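Q: I'm new to this one and would like a close look at a single part of it. Could you walk me through the charged pairs and what surrounds them?

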Amino acid sequence: MALADVLKTANLTGRTGPRCSVCLTLEGLDKTDRAALEGVLADATVQHEALSRVLRAEGINLAAQTLSRHRKGECRR
């Protein structure tokens, strides 16, 4: 099989397993809370660990590493 044929049918998305927890959390929030969290996620001065602590205190269980992957675009969207 030629490389061109393989590339046409290959799964190159890298997405395996369950969806990103941050994406799922964002989808479940109301419009105001979603906008607020998206704003904080976009702010590079906010540390992953600090954000994780605040979210956990509000009942949203997202680990710092999960937030980091999402911010880098390395999550399974």
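How many salt bridges does a search of the whole structure find?

A: The search turns up two salt bridges, a salt bridge being a side-chain nitrogen of Lys or Arg within 4 Å of a carboxyl oxygen of Asp or Glu. Before we go in, keep in mind that this is a predicted model, where local features need pLDDT of at least 70, side-chain atom pairs count only at pLDDT 80 or more, and totals for chains, interfaces and linings use all residues. Residues are numbered from 1 along each chain as its sequence is written, and side-chain values use heavy atoms, with hydrogens and water left out.

Let's start with Arg-34 and Glu-38, whose closest N and O atoms are 3.0 Å apart. Both sit in helix H3, and because they are four residues apart there, about one helical turn separates them. (Helices are DSSP runs of H or I with at least four residues, strands are runs of E with at least two, and both are numbered from the N terminus.) In general, an α-helix has 3.6 residues a turn, so residues three or four places apart point the same way. Arg-34 is partly exposed, with a relative accessible area of 32%, and Glu-38 is also partly exposed, at 35%. Here buried means under 20% relative accessible area, exposed means over 50%, and partly exposed is in between, using a 1.4 Å probe and protein chains only.

Helix H3 itself covers residues 31-42, and its 12 residues reach 16 Å from first C-alpha to last, close to the 16 Å expected at 1.5 Å a residue; that expected span is 1.5 Å times one less than the number of residues. At the start of H3, a side-chain oxygen of Asp-30 comes to within 3.1 Å of the backbone nitrogen of Thr-32.

The other salt bridge links Glu-27 with Arg-19, and their closest N and O atoms are 2.8 Å apart. Glu-27 is partly exposed, with a relative accessible area of 47%, and Arg-19 is partly exposed too, at 28%.

Now step back to the whole chain. It has five helices and zero strands. Its radius of gyration, taken over C-alpha atoms, is 16 Å, well over the 11 Å that the globule rule gives for 77 residues, so the chain is more spread out than a compact globule; that rule is 2.2 Å times the number of residues to the power 0.38. Along its principal axes, the C-alpha trace spans about 55 × 25 × 20 Å. Buried residues make up 22% of the 77 in the chain.

Note on methods:
A polar contact is a pair of N or O atoms within 3.5 Å; within protein, one must be able to donate a hydrogen and the other to accept it, and residues adjacent in sequence count only if both atoms are side-chain atoms.
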